[in-house]
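Here is a short report on a predicted model. Have the sequence and the 3D view open as you read.

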4 protein chains.
Amino acid sequence: MAFERVGFIGLGRMGRPMARNLLRAGYRLVVYDRRPEAMAPLLEAGAEAAGGPLELARASDLVITMLPGDAEVLEVCAGQDGVCQGLRSGAVLVDMGTNHPDTARTLARAAARAGADFLDAPVSGGDVGAEQATLTIMVGGEAGVFERVRPVFEVLGRHVFHVGPVGMGQVFKLCNNLISAVQMVAVAEAFAVGRKFGADPGLLRQVIMVSSGRSPAVENRPPVPGILPEAPASREYAPGFTTELMAKDVGNFLRLAEAGKVPVPASALARQLYLMALGSGYGPKDYSVIGELFRGWAGL
Amino acid sequence: MAFERVGFIGLGRMGRPMARNLLRAGYRLVVYDRRPEAMAPLLEAGAEAAGGPLELARASDLVITMLPGDAEVLEVCAGQDGVCQGLRSGAVLVDMGTNHPDTARTLARAAARAGADFLDAPVSGGDVGAEQATLTIMVGGEAGVFERVRPVFEVLGRHVFHVGPVGMGQVFKLCNNLISAVQMVAVAEAFAVGRKFGADPGLLRQVIMVSSGRSPAVENRPPVPGILPEAPASREYAPGFTTELMAKDVGNFLRLAEAGKVPVPASALARQLYLMALGSGYGPKDYSVIGELFRGWAGL
Amino acid sequence: MAFERVGFIGLGRMGRPMARNLLRAGYRLVVYDRRPEAMAPLLEAGAEAAGGPLELARASDLVITMLPGDAEVLEVCAGQDGVCQGLRSGAVLVDMGTNHPDTARTLARAAARAGADFLDAPVSGGDVGAEQATLTIMVGGEAGVFERVRPVFEVLGRHVFHVGPVGMGQVFKLCNNLISAVQMVAVAEAFAVGRKFGADPGLLRQVIMVSSGRSPAVENRPPVPGILPEAPASREYAPGFTTELMAKDVGNFLRLAEAGKVPVPASALARQLYLMALGSGYGPKDYSVIGELFRGWAGL
Amino acid sequence: MAFERVGFIGLGRMGRPMARNLLRAGYRLVVYDRRPEAMAPLLEAGAEAAGGPLELARASDLVITMLPGDAEVLEVCAGQDGVCQGLRSGAVLVDMGTNHPDTARTLARAAARAGADFLDAPVSGGDVGAEQATLTIMVGGEAGVFERVRPVFEVLGRHVFHVGPVGMGQVFKLCNNLISAVQMVAVAEAFAVGRKFGADPGLLRQVIMVSSGRSPAVENRPPVPGILPEAPASREYAPGFTTELMAKDVGNFLRLAEAGKVPVPASALARQLYLMALGSGYGPKDYSVIGELFRGWAGL
């Protein structure tokens with residue numbers, strides 16, 4: 001194997017099953033999460049524990065991070081006692097979280113100062129994709145570095161793309177997530193109107209799933225309780241992917257659009273609606289909870 | 001066969017292949033279109049021509065309409081010398097166009113006055129679905145009437161749903177098309193931003209097609225010329241489904257939402273963007289031309 | 001005086017003081033309101049009561065209506081036993097409510113069938129303007145008819161404009177009210193953000209009142225309780241002008257924009273926000289209650 | 001006079017008449033602008049020229065900046081060879097441009113390091129207000145410092161408010177300008193619809209000016225050429241206040257709203273429309289040029 005030891009930081013809903021898949025594939029794994037209980041199942045499965053990001057970096061020739069957002073990954077990697085202070089020369093740092101392209105470039109510079117390489121490699125597929133190793137992975141960085149890490153990516157996902165230089169993985173991911181975010185709003189509006197006029201929401205989902213309005217939002221996250229048992233809406237909107245995270249991604253997409261002075265009115269509106277959801281206390285719920293705003297306004 | 005003779009009115013991009021599929025399945029067909037050249041290929045294939053809607057209705061025990069919008073179907077069916085003046089008692093009128101539920105109810109009343117039944121049965125799947133008989137058909141009306149016409153629907157499409165009383169087919173269809181319309185806007189915004197930052201649009205399409213933002217909009221109608229030869233964008237936005245028709249459907253969805261006093265901000269915004277597209281002269285183009293608005297604003 | 005007897009229908013917050021001003025100016029007045037208690041103060045002041053719209057019309061050579069909306073004025077004037085069935089040849093019907101221009105044209109046709117003339121003459125200035133006879137009146141109709149009624153308008157308001165043919169008064173009024181409606185949304189957003197960052201809202205109002213953001217919305221209806229005693233917000237949002245009426249006016253403006261295919265994204269968004277306010281139960285409150293939506297979302 | 005010598009940086013459309021008013025009031029003035037031709041008229045009127053921000057600061061006990069935006073004022077004041085490197089202990093730095101509150105706080109810290117005080121004191125009233133000394137001035141900072149500078153403010157404007165600590169002047173100003181920006185959009189939509197239905201735009205302005213929709217946008221900047229000779233629209237949209245500056249202010253307001261997680265959908269939409277205007281090449285024109293977007297879409 002190209003890498004002797006892989007460090008993995010961030011063992012939440014996404015990171016834990018990804019780390020486990022690496023262990024199963026035979027990688028020697030050293031893990032860190034600031035919550036000890038998040039590390040426990042990995043340690044039982046054969047991973048080693050690091051005392052912190054710096055120690056983990058010293059012990060690894062490939063470091064993967066899977067953290068909630070820009071602030072967290074910047075602190076863990078580029079902060080005091082962070083990964084980049086321990087990175088070996090020739091090692092590779094890969095951020096697989098969804099963040100702003102500027103964050104990717106900041107991390108790449110910090111890695112370069114340690115003589116290490118960097119890839120941004122955000123994923124699509126959710127916790128199910130992470131568990132089943134069917135993620136789509138969009139990688140930004142140098143082609144040579146990408147090729148070195150590709151076998152690792154192929155353990156974690158089914159579709160692995162090299163999409164451009166550092167930061168481009170994040171550009172692709174933000175574009176994808178913006179579409180998801182707006183799709184959910186459209187689905188929520190359509191279901192609110194449909195229900196208001198007596199449409200059976202389960203049937204509406206079935207019909208749209210074989211029509212031009214189909215998307216993962218309709219298939220996996222119909223924003224109405226009870227029509228799909230495994231959907232977040234049927235489990236009190238347990239995430240899944242939280243409204244907080246979706247709001248963050250839409251926010252990052254908007255910052256990108258702003259930087260390019262590209263008008264994106266639907267994205268801007270979606271951001272506002274997710275802010276209304278946050279302001280209504282829905283931040284920790286699955287983002288399909290946006291449907292509850294419309295349910296309320298529609299008097300359903 | 002349950003119906004001795006089927007009348008078919010409206011032989012455009014959708015109606016022509018649908019009528020041909022009925023002929024192939026062995027139905028005796030009488031057709032009408034105010035443009036004689038639209039009737040010609042059907043007549044060659046064995047259909048009979050009617051001189052007008054009224055004459056066609058007199059000769060049929062099932063009449064199917066596939067016309068652009070509310071005004072057209074109301075005139076052809078409920079107007080002077082229209083279908084409903086010739087409908088036989090016991091016949092069935094089926095509107096397979098996409099219209100407002102109120103239009104469906106108006107047609108049902110007009111049919112009832114002639115002793116005939118009515119179904120609204122709009123379809124999803126586009127001209128390709130019409131040709132390949134893979135349409136999804138969403139039918140509103142009485143269950144008994146639906147069962148009588150079901151064999152005809154099964155010749156035309158793959159997924160046939162009885163979704164509720166008269167008008168409910170249109171409610172389902174408008175909900176579906178609203179989602180499509182908003183999806184396209186989101187896709188256009190995402191591609192504009194992605195391209196502004198150097199993303200390869202063909203690769204972006206491929207990546208999103210295996211990610212959470214996937215939808216028929218990304219798959220079949222990427223709003224960038226040259227990345228998918230068969231997409232409208234690569235053929236000077238030849239429709240496909242025109243901006244005019246999509247704008248009409250979003251307008252009908254909004255009228256429905258208004259009638260139910262359901263706030264639908266993303267739908268309202270989408271309507272405004274399609275109006276901007278109409279105001280920019282894009283009405284007769286495929287609705288993916290909305291991407292051109294963003295291309296212009298983004299300076300791409 | 002040009003008119004011997006003036007009939008006045010609709011004695012609510014606006015109509016009552018307007019009718020009283022006509023009495024004070026010496027006009028013989030016959031009044032009707034379906035709520036007898038609304039008529040009482042006018043009868044005490046010297047007006048005569050009519051038993052209904054038709055009877056009132058028969059007794060008047062000028063009939064003024066001041067009703068909540070299109071449905072009401074159409075029923076009262078063009079319905080069974082309505083004004084137009086009793087209008088004398090040569091009489092004038094004036095609708096001073098705010099309605100759609102199509103309603104004005106419908107009323108003009110109904111009046112013409114009775115040999116009578118019609119003006120649409122909506123007003124701006126609110127209940128205070130009605131009481132103090134300082135209304136602005138925007139009149140659509142024929143110039144000669146306008147000149148005949150002008151002395152009556154000058155009793156009721158300070159600024160009287162002949163703005164064009166029948167319906168144009170309503171076009172002007174809807175344009176004005178759309179601006180008011182959007183201004184209030186902008187003011188609500190500004191005050192929510194200002195307060196979130198510690199701005200004193202009373203001081204914010206004072207400063208904006210002498211800056212470029214000033215408008216009657218800031219001056220008379222600051223959407224924060226307690227900073228202006230006479231503002232609706234300080235009186236539990238007692239109207240004033242209800243959210244229901246403002247939502248109706250924005251809706252009518254949008255119908256007009258739709259008819260002209262003019263994109264109006266801010267108006268469309270404002271309509272959606274007022275629908276959210278209606279869906280939150282705020283319909284009968286003054287429309288400055290829109291500020292409460294933002295207060296809630298902002299966690300103030 | 002409390003200040004012996006006043007330094008003034010930024011002699012554009014606003015700064016030049018403000019500086020001249022200080023000279024007329026008897027203040028000894030030292031000026032700087034990177035464009036020598038901007039300084040010339042002030043030097044003729046008796047001001048002294050400084051070679052740069054640092055030299056100017058060394059020669060002044062009060063420094064006023066009036067620059068286009070955050071980047072400029074940060075560079076001029078807090079950058080290499082900037083004002084704060086030359087500020088005397090006990091001097092006062094006053095930024096009268098419109099910027100983000102964070103910029104104000106950054107400048108206050110930089111001034112404090114030099115032992116100097118800081119006020120943010122943005123103004124409303126435009127070039128006319130600057131010339132006639134009728135500006136409204138909204139001041140953030142310590143009360144004692146405000147009182148020291150108040151006499152200078154009273155030379156420049158008519159309404160001077162101490163609105164809170166450092167940064168609060170900018171909060172007030174951004175709230176005001178957001179309202180202005182949205183008002184203009186509403187006015188542009190109303191005039192587009194009105195004109196589409198034949199309304200005389202000059203008359204429409206007159207009527208709204210005495211109705212509830214009135215505001216400086218309608219009074220001074222009607223977005224239709226030819227109805228008010230002195231309006232930007234009648235002078236090929238010569239600014240006035242440029243679309244670039246208004247877009248910047250709306251952007252700063254949105255950043256503020258984002259920081260407070262306050263949903264502001266109308267503001268977000270306005271930002272998008274101003275971005276469309278920038279993308280259409282209207283950046284250097286007066287922001288009332290937004291009306292041209294609507295004119296185009298409406299086919300006027």
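## A covered helix in chain B

Helix H13(B) is mostly covered, with 14 of its 15 residues buried. This helix runs over residues 265-279 of chain B. Its length fits its residue count: at 1.5 Å a residue, the 15 residues should span 21 Å, and the end C-alpha atoms are 21 Å apart, so the two agree.

After H13(B) comes B:Gly281. The phi of B:Gly281 is positive, near 85°.

## The A–B interface

Chain A puts 55 residues in contact with 55 residues of chain B. On the chain A side, several elements give two or more residues each. Two are strands: S8 (135-140) and S9 (157-164). The helices are H9 (168-196), H10 (201-209), H12 (243-259), H13 (265-279) and H14 (290-298).

Which element gives the largest share of the chain A side? It is H9(A), with 20 residues. By class, the side of chain A that touches chain B has 36 nonpolar, 16 polar and three charged residues.

## The C–B interface

Chain B is also touched by chain C. Here 12 residues of chain C are in contact with 12 residues of chain B. The chain C side divides into eight nonpolar, two polar and two charged residues.

## Two domains in chain A

Chain A is divided into domain 1, residues 5-165, and domain 2, residues 171-298. Taken over C-alpha atoms, the centres of these two domains of chain A are separated by 28 Å.

The two domains touch. In chain A, 11 residues of domain 1 are in contact with 12 residues of domain 2. The side of domain 1 of chain A that touches domain 2 has five nonpolar and six polar residues, and no charged ones.

## An arginine in chain D

Where does D:Arg150 sit? Its place is in helix H8 of chain D, residues 143-156. Is D:Arg150 buried, partly exposed or exposed? D:Arg150 has 15 C-beta neighbours inside 10 Å, so it counts as partly exposed. The cut-offs explain the call: buried needs 20 or more such neighbours, and exposed means 12 or fewer.

D:Arg150 and D:Phe161 are 11 residues apart in sequence. In space, their C-alpha atoms are 9.3 Å apart.

How values were computed:
Residues are numbered from 1 along each chain as its sequence is written. Chains are lettered from A and ligands numbered from 1 in the order in which they are written. This is a predicted model: local features need pLDDT of at least 70, side-chain atom pairs count only at pLDDT 80 or more; totals for chains, interfaces and linings use all residues. Helices (H or I, at least four residues) and strands (E, at least two) are DSSP runs, numbered from the N terminus. The expected span of a helix is 1.5 Å times one less than its number of residues. Domain bounds come from an automatic or database domain assignment. Two residues are in contact if their C-beta atoms, placed from the backbone, lie within 7 Å. Ala, Val, Leu, Ile, Met, Phe, Trp, Tyr, Cys and Pro count as nonpolar, Asp, Glu, Lys and Arg as charged, and the others, Gly among them, as polar.
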